[in-house]
Amino acid sequence: MAKRWVFVAECQIVRLLRLRCGGRIFFPGNGPHFVSDNLEAICEADQQVFGADRSVVLTNFLNRGPGNGWVKIVNGRVSGYIFTRNGTKAFHIGPLVAEDKETACELLEMIGLHSESDNADTFADHTDWLNILKEAA
């Protein structure tokens, strides 16, 4: 007898349109910078957050093209970072790691300034992240 598969909805995805964070303008020195200048520090911070060495994955994201990663350094340490990559059918954002909402918005703004993407998908049950994205829209 053949097994029958049943669809079970485990999570809901929400699509938000027009990713922006208030139109701030960043000047050299006070905003996010390209990741390539700080990849080692980002990999160390990433390992603290995720508990594993993901330096090969992050290096791969960075090597997919110029401007694929941004980092914010505060007082000589990583305050937040974001990577992007072009997929087959969509522009992907992530990982995004930030100490606070302001840093997350700054990093999202950098992606908004340098991408053609006008939408973002996220899990509906991640309400804190969903609120940040809604505020940034």
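1. Glu99 is partly exposed, with a relative accessible area of 46%. This value, like the others in this note, comes from a predicted model. The side chain of Glu99 meets that of Arg77 in a salt bridge, with an N to O distance of 2.4 Å. This pair links distant parts of the chain: Arg77 belongs to strand 4 (residues 77-86), while Glu99 sits in the loop between strand 5 (91-98) and helix 3, 22 residues apart. Arg77 is partly exposed, its relative accessible area being 47%.

2. Which residue forms a salt bridge with Glu106? The partner is Lys72, and the closest N and O atoms are 2.9 Å apart. Glu106 and Lys72 are both buried.

3. Arg54 and Asp46 also deserve attention. Their side chains meet in a salt bridge at 2.7 Å, N to O. Is Asp46 buried or exposed? Asp46 is buried, because its relative accessible area of 0% falls under the 20% limit for that class. Arg54, by contrast, is partly exposed, because its value of 24% lies between the limits of 20% and 50%.

4. How many salt bridges does the count give? The count comes to 3 salt bridges. As a general principle, side chains of opposite charge can pair when their charged atoms come close.

Key:
Residues are numbered from 1 along each chain as its sequence is written. This is a predicted model: local features need pLDDT of at least 70, side-chain atom pairs count only at pLDDT 80 or more; totals for chains, interfaces and linings use all residues. Side-chain values use heavy atoms; hydrogens and water are left out. A salt bridge is a side-chain nitrogen of Lys or Arg within 4 Å of a carboxyl oxygen of Asp or Glu. Buried means under 20% relative accessible area, exposed over 50%, partly exposed in between (1.4 Å probe, protein chains only). Helices (H or I, at least four residues) and strands (E, at least two) are DSSP runs, numbered from the N terminus.
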